[in-house]
Amino acid sequence: MIAVLEAARAGLFRRAQWLPNIIAGVIVGVVALPLAMAFAIASGVKPEQGLYTAIIAGIAVSLFGGSRVQIAGPTGAFIVILAGVVAQFGVSGLMVATLMAGVILVAMGMARLGAVIRFIPDPVIVGFTAGIAVIIWVGQWAYFFGLPTPEDAPFYLKTWHQLQSFGHLQPTTAILGLLSLALAVLGPRIPGLSRIPGPLLAMLVATALVVLLDLKGVATIESTFGAIPRNLPTLQLPEMSFDHVVKLLPSAFTIAMLGAIESLLSAVVADGMAGTRHDSNQELIGQGVANILSPLFGGIAATGAIARTATNIRNGGTSPLAGIVHAITLLLILVVLAPYAGKVPLCALAAILFVVAWNMSEAPRFVRLVRRAPRADVVILLITFTLTIVTDLVVAVNIGVILAMFQFMRRMSASVSVVAHGQASLRHELAEAGLEALPKDVLVYAIEGPFFFGSVDSLERALSWSREPPRCVVLRLDRVPLVDATGLKRLESTIHHLKGRGVEVLLTGASQRVLRKLVHAEIVRRDQAPIYFGDLAAALRHIESERASGVPAGVG
C-alpha cells in the first residue's frame, strides 16, 4: 500500500482533494464502461466479466499498487492471449491461468524484478504491440460488418476467409458500425460534445438507434450473450489440478510478463504526466493481487491501462481515491443499468476496438523506427511484429528478446578494444617510475571495455605477433568495468600460452570488483606469476629492478 501511504503523507486525502478525485473517478468509470465490455467480448468471455475485472482490479491496484494514479482493468493487449487460452482450455482454464499469473507477478515484485522489465528493448515492445493491434483489428471485422463468424484457424487463413465473406456483410450493421467509428473518433470535436468521451458517445448513439428504430439483424450483447446480470459477482474458486497447472503455466507466464510490461509502461507515462514517481516492485505486487482476486470473482486478467490512467490525470485525479471511485462507478452502473447494457450493438463495441487497435499500434512511432532506427533494430522490430501475427506472442517476444540480446552483445564486443601503448602515451607513467624510455623488450597493452565472452577474441588478435615475442607483456585493466567466466578463462589461457613462449605477464590497475574475480579464479596469486600491481608505474619499476638484478620479470 505504498501509493496509498505516500498519497496520505502528501495530504492528497484531505477534504479539499476529495471532489477533484471523485469527479476524475466518475469520468474514468464512464470511459471504462464500453472498453471493459468490448475487451471481454473480444477475449472470448461474457461482457459482464470485463466489468467484474475493472471493478475488482481497479480497487486492488489502487490500494496495493505502486502508483498513486494508476487505473487498472482489462486491456486490449491481453485480447490475443486470453482468446487463445479460452479457445484451448475454456473459460475455467483462463481463470486458473490468470490466478497463476497473479502469483507470478507477486513473486516478481517481492524478488524486486520491477527494474528488469525496463531491459526489454523498444523494437520488441513496439513490434509485438503493433502485431496485437493488427490481430484485434482483423478480429473485429465480423462484428463490425456483420460477417459470418469465422472458424478457428491460423490468423492468415482466418483473414483470408473473412475477406472472401465480405460479399455477405449485413448492410445495416456495417452502416451503424461506420457511424459508431466516426463518433468514436470525431465525436469530441462536435460543438457541445467535447466533454463526452468518443467511445461512450459511439456506444450511446448506436444503442439508441437500435432501440428506437428497432433495427433488425443487428447483433447486440443481449442477442449474442444473453442479458447482463444485475447481481454482484460472487466468490468462486476455479477447479485446479496439477496436470492443469502444468499445461497452463506457459500461458500464465505470458499473461504475467505482458501485464508487468503494460502496467509499468503505464506507470512511467503517469509519472511524466503527474510529476509522481512510482515504485515498480510494489506495482507488480499490486497487479499480482488484482490478478489473483479477479478470477475469484469471475473476472479476467487485468493490468494498468494507459488511456484510462491518462484520462484520470487529465481530469484531476491525484490519489488512489480516483481509482476506487472509478470501480464504484462501474459497480453502480452494473447494478442499475445492466438491462440497458444488453441493447448495446456489437458493431459499436467493434468500432471502439478499432480505435483502441489504432492507438495501440502507434503507427507513427512504428514508421519512424523503420525509417530512422539502426538496421539491426529495424530487423528485430519487423521480425517481432511478423511473428506476433503469424505465430503467437510468446514466440514473438522470446525470439525478439533473444535477437536483441545477440545484437547488444555484438555491439558490446565491437566496443571492446585492446590498445598497444607506446612511449609517447606513457610519458606520465614512465616519469613516475623514474624511467626515461620504455624498454624495447616490454610491450604494454590496455584492455578497454567489458571483457566478456563476446569480446575475448580481441585480446588474442592483439597478442598474435608475427615477429619474435617480447620478454614481458603488461596488461592494463584500468578500463575493464567487468569480466565474466569466459573472460577469466581466456585471460588465464592467454597467460599460460605466453609463458610457454617465454613471455612473462604483469597485470595492473584492475578495479576492486575485477581484482576480486582475478583472485577468486586464482589468476592473481602471491606465490607465482603473473604478478599484479596497482598501477603501471609500479609494474615498470618492478621490471627495471628485475632487469638490474638479472631475474626475469614476473618471477617471484
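**Chat: loops, rings and cavities**

Student: Where is Asp 214 found?
Tutor: Asp 214 is found in the loop between helix 9 (198-213) and helix 10 (221-225). Keep in mind that this is a predicted model.

Student: And what about phi of Asp 214?
Tutor: Phi is near 50° there, a positive value in a residue other than glycine.

Student: Buried, exposed or partly exposed, Asp 214?
Tutor: Asp 214 is partly exposed, because its relative accessible area is 46%.

Student: Which loop holds Arg 112?
Tutor: Arg 112 sits in the loop between helix 4 (79-110) and helix 5 (122-139). Phi of Arg 112 is near 60°, again a positive value in a residue other than glycine.

Student: Is Arg 112 buried or exposed?
Tutor: Exposed: the relative accessibility of Arg 112 is 62%, and the cut-off for exposed is over 50%.

Student: Switching to rings. How many aromatic pairs are there?
Tutor: The count comes to seven aromatic pairs. Take Trp 137 and Trp 141: their ring centres are 5.2 Å apart and their planes are at 90°, so that pair is edge-to-face.

Student: Why edge-to-face for Trp 137 and Trp 141, going by the planes?
Tutor: Because planes over 60 degrees apart count as edge-to-face, and the planes of these two rings are at 90°.

Student: How covered are they? Start with Trp 137, buried or exposed or in between?
Tutor: Trp 137 is partly exposed, at 41% relative accessible area. Trp 141 is buried, at 7%.

Student: Which residues do the ring pairs link into a cluster?
Tutor: Trp 137, Trp 141, Phe 144, Phe 145, Phe 166 and Phe 354.

Student: What does Thr 159 contact, leaving aside its neighbours in sequence?
Tutor: With neighbours within four places set aside, Thr 159 is in contact with Val 138 and Trp 141. Thr 159 belongs to helix 7 (residues 155-164) and counts as buried, with 14% relative accessibility.

Student: How far is Thr 159 from Ile 104, C-alpha to C-alpha?
Tutor: Those C-alpha atoms are separated by 34 Å, and the two residues are 55 residues apart along the chain.

Student: Okay, Ala 32. Which helix is that in?
Tutor: Ala 32 is in helix 2 (residues 15-42). Ala 32 counts as buried, at 0% relative accessibility. Not counting residues up to four places away in sequence, Ala 32 touches Arg 308, His 326 and Leu 330.

Student: What lines the largest cavity?
Tutor: Ile 447, Phe 451, Leu 477, Val 480, Val 483, Leu 491, Val 514 and Leu 518. By class, that lining has eight nonpolar, no polar and no charged residues.

How values were computed
Residues numbered from 1 in each chain as written. Predicted model: local features only at pLDDT ≥ 70, side-chain atom pairs only at ≥ 80, totals over all residues. Heavy atoms only, no water. Phe/Tyr/Trp six-rings, centres within 6.5 Å; stacked < 30°, edge-to-face > 60°. Buried < 20%, exposed > 50% of the residue type's maximum accessible area, 1.4 Å probe, protein only. 1 Å grid on protein atoms, 1.4 Å probe; cavity = no way out; pocket = protein on both sides within 12 Å on 5 of 7 lines; lining within 4 Å. Nonpolar A, V, L, I, M, F, W, Y, C, P; charged D, E, K, R; others polar. Helix = DSSP H or I, 4+ residues; strand = E, 2+ residues; numbered from the N terminus. Contact = heavy atoms within 4.5 Å.
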